[in-house]
Amino acid sequence: MDAYLKSLYNYKILSKEEEYDAMVKLKSTPVDSKEYRKILDTIVKSNLRYVVSFAKNYMSKAVEFDDLVAEGNMGLLKGIQDYNPDKKIKGITYFKWWIFQRIILYKSHNSYNMRLPINIINDGLKLTRLITDNKENFEDGVSEEYLAEKLNITVEKVKEIMNYM
């Protein structure tokens with residue numbers, strides 16, 4: 001995995017214009033051609049650092065980091081496949097939702113002894129992030145009332161989510 005992570009810095013991140021040109025070319029090239037594979041490879045490699053960055057946010061003891069990266073890469077491919085270059089937005093802005101979706105689904109199916117609904121997992125991630133971000137602001141820890149207020153949910157709901165996490 002270390003070699004893989006180091007190799008990511010060998011790939012150039014495409015500018016918005018370069019990415020747009022590559023995506024337009026990709027969409028107009030036959031899928032079974034060598035040119036398509038070459039263009040796809042360029043786009044994928046230019047976005048792999050983002051996948052690793054996103055996967056780091058969802059690491060835990062329950063799932064392996066390299067599995068999260070692999071799932072994120074699958075999301076990246078799905079995002080590239082569905083991306084519409086005519087929208088003229090940076091690709092990663094669109095791809096990240098596919099990457100997050102694959103990572104979250106993988107984590108939800110593999111990190112718990114029982115499967116939890118995805119909304120409970122998402123709420124748990126928000127809760128964990130909020131606690132981590134505010135930990136140093138409170139000497140005795142972040143109160144359940146504060147968390148409920150910030151997440152716009154009830155204190156009972158905060159307690160329920162914390163029981164799962």
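Which residues form one aromatic cluster together with Phe54? Tyr58, Trp97 and Phe100 do. The model is predicted: local features need pLDDT of at least 70, side-chain atom pairs count only at pLDDT 80 or more, and totals for chains, interfaces and linings use all residues. Residues are numbered from 1 along each chain as its sequence is written, and side-chain values use heavy atoms, without hydrogens and water.

**View A. The aromatic pair Tyr83 and Phe95.** The whole structure holds five aromatic pairs (ring centres of Phe, Tyr or the six-membered ring of Trp within 6.5 Å; planes under 30 degrees apart are stacked, over 60 edge-to-face, the rest tilted). The ring centres of Tyr83 and Phe95 are 5.5 Å apart and the planes stand at 65°, so this pair is edge-to-face. Tyr83 is in the loop between helix H4 (65–82) and helix H5 (91–110), and Phe95 is in helix H5, so the pair ties together parts 12 residues apart in sequence. Both Tyr83 and Phe95 are buried (under 20% relative accessible area, 1.4 Å probe, protein chains only).

**View B. Lys78 over the face of Trp98.** Lys78 lies 5.3 Å from the ring centre (the rule for Lys: NZ within 6 Å of the centre and within 35 degrees of the ring normal).

**View C. The largest nonpolar core.** This core has 33 residues, of which Leu26, Leu76, Ile80 and Ile99 touch the most other members (buried Ala, Val, Leu, Ile, Met, Phe, Trp, Tyr and Cys joined through side-chain atoms within 4.5 Å). Its largest share, 10 residues, comes from H3.

Technical notes: Helices (H or I, at least four residues) and strands (E, at least two) are DSSP runs, numbered from the N terminus. Buried means under 20% relative accessible area, exposed over 50%, partly exposed in between (1.4 Å probe, protein chains only).
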